[in-house]
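Thanks for making the time this morning; I would like to take you through a few local details of the backbone and then turn to a pocket. Please have the sequence and the model open as I speak.

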Amino acid sequence: MTASTIDNRDELIAYLHAAMALEHATIPPYLTAYYSIKSTTNSDAAHIIRVVAVEEMLHLTLVANVLNAIGGKPDLTRPGFVPAYPAYLPDGEDDFTVDLRPLSPEAVETFCKIERPGRAPDAERLLTLPDSGGPFLVSSPTAEKMRFYSIGEFYAEIIEGLEKVAAADPGQLFCGDPALQVGSEYFYSGGGDVIVVTDLDSACRALSLIADQGEGLDAGIHDAAGELAHYYRFRQLQLGRYYEVGDDPDAPSGAPLSVAWDEVYPVKVSAQLADYPAGSELAAAAREFNADYGAFLALLTRAFNGNPDLLQEAVRDMFRLRDGFNRLICNPLPGSDGLHAAPTFEIPAATP
């Protein structure tokens, strides 16, 4: 049995900051695939990706509620919050990188790996970080050079830590201002409710909901609320059919769906600002997009720090980024053999 890596409130706060970074880190890859789809095509795939992206916003909100409940301070503008893509996520068998890709079989395979159910064998939740030279999104913030077997095991560690610290300090752990909690009146995703966190039970339910919606714990095809887990939403794109209740995980029996892989802009994988010609309109558009995305993260930070009414506006802003995407993905990138431009998500430092 792996020894606990969480012994006090400060270590819990460090883990919850890592959880917020993890939940956000999936959004740029999902949005890149979503906006790479050409208009009026691939409606099934677009709907699936959009639903998952909105539920990632729900997950961000749930983690923020837990963080606020124990006296932490959510901050989506701090340096390093947005990873440099390609970035690493843990996989139980092999490590893989998460890239910013157009919708493609490779992108969907990566999405399935991100959301894949998985429990550590022999109760070995922590594994040694390989010498990969790249960042890992789900490494332990308190155990040096250690990563988690899966995202589900990462959340299981936080839940155990909450239970441990709460038992050692009853009545003191949940000291946060209740006014900072985001309630269901401020956010609606259709795939799970916001949980206001006031105590150990509500904190554990909030984190369990994240895992049950598809990020690591093998809760079955549908989560506790009856919604299709993220992993199986993406599996539908691979298997070509929708799931029905009672289906075998590898044999959905619902209506067929198809993906037109060629009805997608061939954007450059994990493009960077250095790829754009200096002084070009594309370079200016990429920088403008990054500034807009930084403003979106700043708006979320305000929402999670006492202005919950801004959350619905932030969710809308996530999809108002379409114009910024289109200014890039509709245009070939010079010197890239016909590949198109794309946002780089290299976010400028926040202004004090």
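Predicted model: local features only at pLDDT ≥ 70, side-chain atom pairs only at ≥ 80, totals over all residues.

Let me begin with the peptide bond between Tyr85 and Pro86, which is cis, with omega at about 0 degrees. Pro86 itself sits in the loop that runs between helix 3 (43-69) and strand 1 (87-89).

Next, the backbone angles. Asn42, although not a glycine, has a positive phi of about 50 degrees, and you will find Asn42 in the loop between helix 2 (27-36) and helix 3. Is Asn42 buried or exposed? Its relative accessible area is 10%, and because buried means under 20%, Asn42 counts as buried.

Ser270, also a residue other than glycine, has a positive phi near 50 degrees, and its place is in the loop between helix 7 (230-239) and helix 8 (281-303).

The largest pocket has a volume of about 420 Å³, and it is lined by 25 residues, of which Val82, Glu346, Ile347, Pro348 and Ala349 are the closest to its centre. What is the lining of the largest pocket made of, in terms of nonpolar, polar and charged residues? It divides into 17 nonpolar residues, six polar ones and two charged ones.

Methods. Residues numbered from 1 in each chain as written. Heavy atoms only, no water. Helix = DSSP H or I, 4+ residues; strand = E, 2+ residues; numbered from the N terminus. Buried < 20%, exposed > 50% of the residue type's maximum accessible area, 1.4 Å probe, protein only. 1 Å grid on protein atoms, 1.4 Å probe; cavity = no way out; pocket = protein on both sides within 12 Å on 5 of 7 lines; lining within 4 Å. Points joined across faces, edges and corners; volume = space filled by probe spheres on them. Nonpolar A, V, L, I, M, F, W, Y, C, P; charged D, E, K, R; others polar.
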